[in-house]
Amino acid sequence: MALAIRRRERGVDPLTRIHNEMDDLFGGFLEDWDWPMTRASRWPVLDIAETQNEFMVKAEVPGCKAEDIDISVNNNRLTISGEKKQEEKKEEKGYYHLERSFGSFRREINLGCDVDANKIDATYKDGILSIKLPKTEKTKPVKVKVKSE
């Protein structure tokens, strides 16, 4: 008779755990693919940098207007969402060309520590959204000097 060892994570039922494990398995495999038919690409593209004092996030959102972008921070999670509405029309002698692209987007980033919500700064220029998120004083690293006796 073989014995099976069952481990249960506290507070997580087995069905939820297997669902999460399947999401991790297939999500990690498929998330970097661009699926044009299902529009399941990771857009906007993000650059994230962390220094001792702040996080710096840059998002490529060409074709968007600043007023169509929403930024929020809640429970150490930055959310960037918005809608892209772009229309390009060319009409010259002998031809007419019209292209439209639109769609909504949403990206969430777990920051891992508290940021000072009153000092967050966001700018938008040439299709690049730049967000500076200063860390709170309590989350900044503190250097402790060792005394010799």
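Reply: Let us begin with a term. Two strands are said to pair if DSSP finds at least two bridges between them. Please keep in mind that this is a predicted model.

Me: Which two strands form a hairpin, with two residues between them?

Reply: Strand 6 and strand 7 form the hairpin. In its turn, D126 has a positive phi of about 50°. The two strands run antiparallel and are joined by five bridges.

Me: Which elements does the chain have, and in what order do they run from the N terminus on?

Reply: The chain contains one helix and seven strands. Read from the N terminus on, the order is α-β-β-β-β-β-β-β.

Me: How many bridges join strand 2 to strand 7?

Reply: Seven bridges join strand 2, residues 54-60, to strand 7, and this pair runs antiparallel. In strand 7, L129 is the bridge partner of A59.

Me: In what order do the four strands of the open sheet stand?

Reply: The order in the open sheet is 1-2-7-6, with antiparallel pairing. Strand 1 (45-50) and strand 6 each have a single partner strand, so one side of each is left without a neighbour in the sheet. From one strand to the next, the twist averages 15°.

Me: Is strand 7 mostly covered or mostly uncovered?

Reply: For this step a cut-off is needed: a residue counts as buried when its relative accessible area is under 20%. By that criterion, five of the seven residues in strand 7 (residues 128-134) are buried, and the strand is mostly covered. For the chain as a whole, buried residues make up 20% of the 149 residues.

Me: What does I80 touch?

Reply: Leaving aside residues up to four places away in sequence, the residues that I80 touches include L46, V57, F105, L129 and I131.

Key: Residues numbered from 1 in each chain as written. Predicted model: local features only at pLDDT ≥ 70, side-chain atom pairs only at ≥ 80, totals over all residues. Heavy atoms only, no water. Buried < 20%, exposed > 50% of the residue type's maximum accessible area, 1.4 Å probe, protein only. Axes fitted to C-alpha atoms, helices over the stretch in contact; angles between N-to-C directions. Contact = heavy atoms within 4.5 Å.
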